[in-house]
Amino acid sequence: MKKIANISAFVVYLRNLNIGHVSVGNSRGGGGEILTLLLDGATETVMVPFSGLSYEDALEVKKQNPYALFIINRILSDLEHARWASSGLNFIDMAGNLFIRAKGIYLRIEGKQQVLKALKSGGETTPAHNKLAEIGRAFSISGLKVLFVLLVEPDSLNWTVAKIATTAHTSTGTVSTVFKALESEGYLAIDGRYRKMRHQRDLQRRWIEHYISTLKPSLKSRWVQGLNPQEWRIEVSEGRVPGAIMGGENALALKTGMIAPVTTLFYGQPPWKEITTAYRLKTAEEGNTELSEVFWEPHILTPDGVVPDLLIYADSLATRDSRQIEIAQNWMGAYG
């Protein structure tokens with residue numbers, strides 16, 4: 001986390017927001033640029049902008065400077081936006097999503113998904129903004145599939161680009177983009193011909209947040225009536241379920257024995273012909289088994305018929321079920 005030297009693009013952006021009377025000024029001070037905000041009827045508020053990506057670091061800075069402003073050089077997911085705002089952290093991301101609350105000032109914009117041209121210096125594309133766009137693509141739907149492979153299979157960091165692309169059901173170009181983004185953000189170190197992941201827990205947290213807000217909603221799915229959860233676990237353990245990999249709360253039950261699931265989630269290739277034919281599954285809106293689109297190559301990544309732990313945890317968080325989340329967090333506390 002560090003003070004930044006140039007916030008002129010942000011100043012221009014604020015001045016052009018049609019959200020009321022906003023007066024913005026910036027000047028040098030305290031070893032870095034400061035920003036002065038003023039809404040009609042509010043007390044003038046001085047903020048010291050910081051650049052950085054760590055939520056935990058931002059909380060520490062806020063203790064010393066309650067009106068710090070964090071300029072985040074990527075696009076926050078909806079989940080991240082809510083988390084930063086609920087903690088009272090003032091921020092703006094590269095799509096123009098922002099939360100600023102201080103001394104009678106309250107500004108909030110959310111839901112923007114693309115890197116905003118207004119935040120580019122003079123409206124021109126610069127190497128720095130090309131880098132930001134690259135980082136954004138790393139957390140696109142295709143980029144998240146690549147990150148999933150890299151996070152759950154450590155050896156994949158040194159696979160060929162072609163093999164990673166095949167495993168992630170995406171293109172070699174996407175894999176190259178993700179590697180460049182990871183290296184530029186400090187998540188990837190290259191030693192000769194070998195790649196090594198850094199700050200993996202932080203990257204896992206970011207992947208989970210973007211998976212819930214971006215990747216998961218994009219996956220095709222349907223509900224069917226099938227076996228009960230215990231029967232499904234037996235079938236999976238015996239390796240009898242064709243073309244499907246078990247996840248969700250039933251996989252959490254298999255891993256922990258701490259939850260009594262009522263539904264089962266399987267990942268497979270739509271229209272899930274193998275599993276539906278083998279078990280004569282019929283579509284049922286109130287069914288007990290969900291079939292979701294697989295976004296990796298099963299025989300390479302999940303030959304045992306159960307999704308990786310990271311996905312079990314992410315799907316548990318996505319349910320918003322407090323009991324399931326508590327069990328998943330106790331089990332996978334490292335992802336916290």
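I took helices (H or I, at least four residues) and strands (E, at least two) as DSSP runs, numbered from the N terminus. The model is predicted, so I kept local features at pLDDT of at least 70 and side-chain atom pairs at pLDDT 80 or more, while totals for chains, interfaces and linings use all residues. Residues are numbered from 1 along each chain as its sequence is written, and side-chain values use heavy atoms, without hydrogens and water.

Cavities. I worked on a 1 Å grid over the protein atoms alone: a cavity is a set of points where a 1.4 Å probe fits but cannot get out, and lining residues have an atom within 4 Å of a point. Points are joined across faces, edges and corners, and a volume is the space filled by probe spheres set on them. I found 2 cavities of 30 Å³ or more.

The largest cavity has a volume of about 100 Å³. I listed 12 lining residues, with Tyr55, Glu80, Arg83, Asp202 and Glu209 nearest the centre. Helices α2 (55–64), α3 (78–86) and α8 (200–218) each give at least two residues to this lining, and α8 gives the most, with 4. I sorted residues as nonpolar (Ala, Val, Leu, Ile, Met, Phe, Trp, Tyr, Cys and Pro), charged (Asp, Glu, Lys and Arg) or polar (the others, Gly among them). The lining of the largest cavity holds 3 nonpolar, 1 polar and 8 charged residues.

The second largest cavity has about 40 Å³ of space. Its lining includes Asp78, His81 and Glu110, and divides into 1 nonpolar, 5 polar and 4 charged residues.

Helix pair. I fitted axes to C-alpha atoms, for helices over the stretch in contact, with angles from 0 to 180 degrees between N-to-C directions. The axes of α3 and α8 come within 7 Å and cross at roughly 120°. With contact meaning heavy atoms within 4.5 Å, Asp78, Leu79, Glu80 and Arg83 of α3 meet Arg206, Glu209, His210, Ile212 and Ser213 of α8.

Sheet. I counted two strands as paired if DSSP finds at least two bridges between them. An open sheet of 5 strands runs β13-β14-β16-β12-β15, with mixed pairing. Strands β13 (245–247) and β15 (282–283) are at the edges with a single partner each, so one side of each has no neighbour in the sheet. Helix α10 (residues 248–256) packs on the sheet and touches β13 and β14.

Terms used:
1 Å grid on protein atoms, 1.4 Å probe; cavity = no way out; pocket = protein on both sides within 12 Å on 5 of 7 lines; lining within 4 Å.
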